[in-house]
Amino acid sequence: MKRCTEEAFDLSLSENMDAYFCENGRLTEFDQAFCHRDSQQSMAKAVAEIIEQSDTLLAEAGTGTGKTFAYLVPAMLSGKKVIISTATKTLQEQLLRKDVPYIKKATQFTGRVRLLKGRENYLCPQRLAIAQSAQAHSDQAWSKLNRIEQWSQTTRDGDKAELSEVDESDPVWSQVCARMEFCQANECGQAAQSQCFYPQVKKTATEAEILIVNHHLFCADLALKEQGFGDLLPKADLYIFDEAHQLPDVAAQFLGFRLSRYQLDEFVRDLKEAYAKEAPDTQWLMDQARSVAEAISEFNQVLGKFEKRWNWQKFQESTVSVQALKTLRNRLEYLADGLKPLTDRGKRLAALYQRVQTLASELNQWLDQKSENQVRWLESSQGRFSLHLTPLSVAGPFARQQEKLGGSWVFTSATLSVNASFDYFSHKLGLVEPQTAIWTSPFDFASQAAIYHPVGLPSPNDPDYLRICLRAVWPLLQKTKGRAFLLFTSHSGVKKAADILRDHWSGSLVVQGEGPRSALIERFRKEDQALLLGTGSFWEGVDIKGEALVLVMIDRLPFMPPDDPIVEAREADLKQKGLSSFFHFQLPEALITMKQGSGRLIRDASDKGLLVLCDPRLKTKGYGRQFIQNLPDCPWVYTPESAQDALDRLLNV
């Protein structure tokens, strides 16, 4: 073994990791506050070896391992072209603003590090001018457009993240962002092109030695490559995926499509504006805009006012719904035929012609899909609907593109394995014989946490189950004065619990759906005696350290709803192959989700708290043992008195 003090040019990349991460190594010399961790050093060395071997690594790194530094240091020292993909735009920003500058200084890396998001995150000056020329805006919308105009004069990149006054989901932003279906770059003059942000950002980003993207952008690029339509990202020598457990589901979104009423309504609105500006003498155009709008509304009406999710088999039983959708498709196709000769009237009409062709094509594809690997499904409620085409598996496309791109691939997350095996994740992405490693969290869960499993709870199917769960956790919430996450497996559970708690809880109640996710989390941090009620995305990616969060309750084992169209299709596919849908799909997914949910509690070496798991199946069903084995190794308590004692011990009350 080389000594930590030996010079870098005497060492291989993997040996250099020992020199950087060992006790009193280069990172400690750079920053005396740097804390040596054996697991971090071991992971960094494994990443370096994968780079040297041009191989694939699945790296499960428990919370507190320091996985970001463990892949950044070898990536920067490798001299390779690197693409790092994160789960969210927030994590992209954190990497670029916080972690990368630190490691750049520590390693004396002089290469360029850039960030790139999807083009809808950037301002389009041409679309801003078009939006400002329209008359049909509310006072609030005009105020936002004026703020965007002021910002456009000072921004360098046109990145929406710089503009906190306008939310990214705001309809005003959708009117001015650089979405592909509106882009008329080849028709812009040179002056307009020089003002366009996205092409410049993309050029500088793709020329960088290290490029930070997110899974959505990476998978959008994957889909384009798979379809032979070009690419969004440059080729790299090293691909690193942080929070990689989300990658298969994100890939499924882009290898299929989603067509919503919002997209269709937006198209009709833009068509009416284009008529007024570029073809006011063509009354036929306005008539067709109204005709399409009527077809959209009629389709929504026949779907009914109740919220539901239909698979294709159930949908086609409603002949009136099928016919209404075909009518909408026919009117879009008729409109496309009529728009074609009008495209020379202006840029808006030319862009709308491309959009209506895409909309009609997607409706045709949805109605006539024959592939066994594609699942057609629909969700609807009063006032909205969306059609989805989702692949059952992304393994084939992902594996094909990985082979074409070559290089080294690192997939890392705190939750990649199931029962210490990576087979489930590998199968989902079509990864062939990857190298694997698990580094458990360095936290002392035995002294930092305890798990309370209330005894005597009824079956989760009991109509009073949720109320009884809340009753079991109520004394603990009073003792902690809030500071708790209550995690549920469904939106209906969140709503029902919120209705119950509003009559009893005197502190703040922060409920999913009552604001943007980031705003709700910030509100939870700031307000006194706060309870946060959430499902889905709140089970992961929420990082609240310290005394602000000391209790997490999970209402039931997070099995996926059996009537979900995607779940139905995947279960049917497995049964057709002679496999158990429960043991090959439902159970692995639930184990990973449970690891994510339970991981919200202890985020730092100084954190302490209680995890409350209510579902009696943990002890009454054989598979319950697998959940227990995948949870942190800490004491279990089973009575209200012992739970109170555990809290007193943990919080030093």
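Student: What covers the buried residues of H1?
Tutor: This is a predicted model. In it, the cover over the buried residues of H1 includes helix H2 (26-30), helix H3 (38-53), helix H4 (67-77) and helix H5 (89-107).

Student: Which residues of H1 are the buried ones?
Tutor: They are Leu13, Ser14, Asn16, Met17, Asp18, Ala19, Tyr20 and Phe21. That is eight of the nine residues of the helix, which spans 13-21, so H1 is largely enclosed by the rest of the structure.

Student: Moving on to Thr56. Where is it found?
Tutor: Thr56 belongs to strand E1, residues 56-61.

Student: Buried or exposed?
Tutor: Thr56 has a relative accessibility of 9%. The cut-off for buried is under 20%, so Thr56 counts as buried.

Student: What does its side chain make a polar contact with?
Tutor: With the side chain of Gln402, at 3.1 Å. Leaving out residues up to four places away in sequence, Thr56 touches Ile50, Gln402, Trp409, Phe411, Pro434 and Gln435.

Student: Gln402 and Trp409 again, then. What residues line the second largest cavity?
Tutor: Gln402 and Trp409 are both in that lining, along with Phe218, Asp221, Leu222, Lys225, Phe398, Gln401 and Leu405. Helix H18 (395-405) and H11 each supply at least two residues of the lining.

Student: What volume does that cavity have, and how do its lining residues divide?
Tutor: The second largest cavity has a volume of about 50 Å³. Its lining divides into five nonpolar, two polar and two charged residues.

Student: Which element gives the most to the lining of the largest cavity?
Tutor: H17, with five residues. Helix H6 (125-133), H13 and H17 each supply at least two.

Student: And how do the residues of that lining divide?
Tutor: The lining of the largest cavity has seven charged, five nonpolar and three polar residues.

Student: Now the largest nonpolar core. Which residues touch the most other members?
Tutor: Phe315, Leu332, Leu339 and Trp366, out of 42 residues in that core. The elements giving two or more residues to the core are strand E6 (257-260), helix H13 (261-278), helix H14 (283-303), helix H15 (312-317), helix H16 (319-339), helix H17 (347-368) and strand E9 (384-391).

Student: Which of them gives the most?
Tutor: H17, with nine residues. H17 also gives the most to the lining of the largest cavity.

Student: What is Leu339 in contact with?
Tutor: Setting aside neighbours within four places in sequence, Leu339 is in contact with Leu271, Trp284, Leu285, Leu349, Leu352, Tyr353 and Val356.

Student: Where is Lys235 placed?
Tutor: Lys235 sits in the loop between helix H11 (215-227) and strand E5 (238-242). At 54% relative accessibility, Lys235 counts as exposed.

Student: What is it in contact with?
Tutor: Lys235 is in contact with Lys81, Lys404 and Leu405, leaving aside neighbours within four places in sequence. Leu405 also lines the second largest cavity.

Student: Last one, Asn311. Buried or exposed?
Tutor: Asn311 is buried, with a relative accessible area of 12%. Its place is in strand E7, residues 308-311.

Student: Which backbone atom does its side chain reach?
Tutor: The side chain of Asn311 reaches the backbone nitrogen of Gln313, at 3.2 Å. Not counting residues up to four places away in sequence, Asn311 touches Arg376, Trp377, Pro565 and Glu568.

Methods. Residues are numbered from 1 along each chain as its sequence is written. This is a predicted model: local features need pLDDT of at least 70, side-chain atom pairs count only at pLDDT 80 or more; totals for chains, interfaces and linings use all residues. Side-chain values use heavy atoms; hydrogens and water are left out. Buried means under 20% relative accessible area, exposed over 50%, partly exposed in between (1.4 Å probe, protein chains only). Helices (H or I, at least four residues) and strands (E, at least two) are DSSP runs, numbered from the N terminus. Contact means heavy atoms within 4.5 Å. A polar contact is a pair of N or O atoms within 3.5 Å; within protein, one must be able to donate a hydrogen and the other to accept it, and residues adjacent in sequence count only if both atoms are side-chain atoms. A nonpolar core is a set of buried Ala, Val, Leu, Ile, Met, Phe, Trp, Tyr and Cys residues joined through side-chain atoms within 4.5 Å. Ala, Val, Leu, Ile, Met, Phe, Trp, Tyr, Cys and Pro count as nonpolar, Asp, Glu, Lys and Arg as charged, and the others, Gly among them, as polar. On a 1 Å grid over the protein atoms alone, a cavity is a set of points where a 1.4 Å probe fits but cannot get out, and a pocket is an open set with protein on both sides within 12 Å along at least five of seven lines; lining residues have an atom within 4 Å of a point. Grid points are joined across faces, edges and corners, and a volume is the space filled by probe spheres set on the points.
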